[in-house]
Each structure stands twice: as C-alpha cells, then as structure tokens.
Amino acid sequence: MPVIRFVREQRDVECYPGENLREVALREGIELYGLKGRLGNCGGCGQCITCFVEVVEGGAGNALTEQTSVELLKLKRRPQTWRLACQALVQKSVLVLTRPQVGLGDRDGELSRARSLPLPEGPTAWPEPPDAAEGEMSEESETPPEAAGAPSTTSGEGGVLPADGR
Ligand code: FES
C-alpha cells in the first residue's frame, strides 16, 4: 500500500493506489484547509483553490497522477511543487506538506526529518482478489468481485473508494 507521509502532522497514512489525496486526508482527520477553506470549500471540485499541498522531494517518482487541466489553470502562479489535493490521485508513496502557504516552525528540520525516514514505494495496483491470485477466475464463478468482497474500483466522482466503500 502506498504511504502518504503528512509532514506537518508527522503522520504516515496508508491508502490504496488511486485514492484521492483529499479524501484520504479528510478520512484520516488531516486538516487540509486554512480558515477560508474551512469556512467554505468546493467539496473537491477543483474550484475553490483552498486544498493546497506541497509535494516534498523524497517520495517515489510519479507518486501522484499528473496535474489535471484544472490545476494547470488554477496553479499557474503557484510553486511547481504545489498541488490541489482534490485533483491528485495517489499512485505511490509520497511526502506532502499540507497548507504550504502557512509557515512551519523549523521547516528545514521538519522536511529533513521526514525525508530521512524510510518510505515504502507501495504497489501501483490494487491487491488481487483471492480467486484471481490463484490464476484465472473460474468460468462458473458469476459473482462480481465487488459482491465477493473485493474493493470497488471507482466512485461517482472519478476517485477510488477504499474497500469499505467510504
Ligand atoms: S477542494 Fe476546492 S479546489 Fe480542492
């Protein structure tokens, strides 16, 4: 499983490959938003520009999906390392700094400490359901993977839902 290392919060969080960074952060109680975003954000549509994160060097290459067209438009005047969490899907382990626009007390020390700890790269695919792990699925098996307990692969918002469907 990829690990998201939230540098400001000093927390490592596992997620499935392809999960939406904003959704993982909210699920884990990580504060993504400053005051403006807490008072009102777009709910992950890429319109409010309040869910900034900075991708910190030290994670796996291509850890997040490419910038979306929304980000290319909205982040023109921001540092190249900034992303909108709601637009980024986690592919591999990554280090992120939430609310990069807000100061971080010993920033260099915190970043250095976060980089120094080992971080697993994480797989790039979802775990195989038990049936498929043994080879090809039996043709008699008509139970869809979701009904058999395998994780659902997509949500209506284009993101990926974890196994428990949240
Ligand atoms: S939540 Fe509004 S831009 Fe990300």
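A: E4 and E5 pair in the antiparallel sense over three bridges. Strands here (E, at least two residues) and helices (H or I, at least four) are DSSP runs numbered from the N terminus, and two strands count as paired if DSSP finds at least two bridges between them. Across this pairing, Glu54 stands opposite Trp82 in E5. As a general point, strands of a sheet pair through backbone hydrogen bonds, either parallel or antiparallel.

Before going on, please keep in mind that this is a predicted model: local features need pLDDT of at least 70, side-chain atom pairs count only at pLDDT 80 or more, and totals for chains, interfaces and linings use all residues. Residues are numbered from 1 along each chain as its sequence is written.

Now to the sheet as a whole. Five strands make up an open sheet in the order E2-E1-E7-E4-E5, with mixed pairing. Its edge strands are E2 (11-14) and E5 (82-84), each of which pairs on one side only. From one strand to the next, the twist averages 35°; for this, axes are lines fitted to C-alpha atoms (for helices over the stretch in contact), and angles run from 0 to 180 degrees between N-to-C directions.

E7 and E1, in contrast, run parallel and are joined by three bridges, with Val96 of E7 as the bridge partner of Phe6. Finally, E1 pairs with E2 in the antiparallel sense over four bridges, and Ile4 has Val13 in E2 as its bridge partner.

How enclosed are these strands? A residue is buried if 20 or more other C-beta atoms lie within 10 Å of its own, exposed if 12 or fewer, and partly exposed in between, with C-beta atoms placed from the backbone. Five of the five residues of E7 are buried, so E7 is largely enclosed by the rest of the structure. Both of its faces are covered: Val94, Val96 and Thr98 lie on one side, Leu95 and Leu97 on the other. E4 has four of its five residues buried, so E4 too is largely enclosed by the rest of the structure. For the protein as a whole, 28% of the 166 residues count as buried.

Leaving aside residues up to four places away in sequence, Val90 touches Pro2, Ile4, Cys15, Pro17, Glu19, Leu21, Val24, Ala63 and Leu64, where contact means C-beta atoms, placed from the backbone, within 7 Å. Pro2 is found in the segment before E1, and counts as buried because it has 26 C-beta neighbours inside 10 Å. The C-alpha atoms of Pro2 and Lys92 are separated by 4.9 Å, although these residues are 90 apart along the chain.

Note on methods
Two residues are in contact if their C-beta atoms, placed from the backbone, lie within 7 Å.
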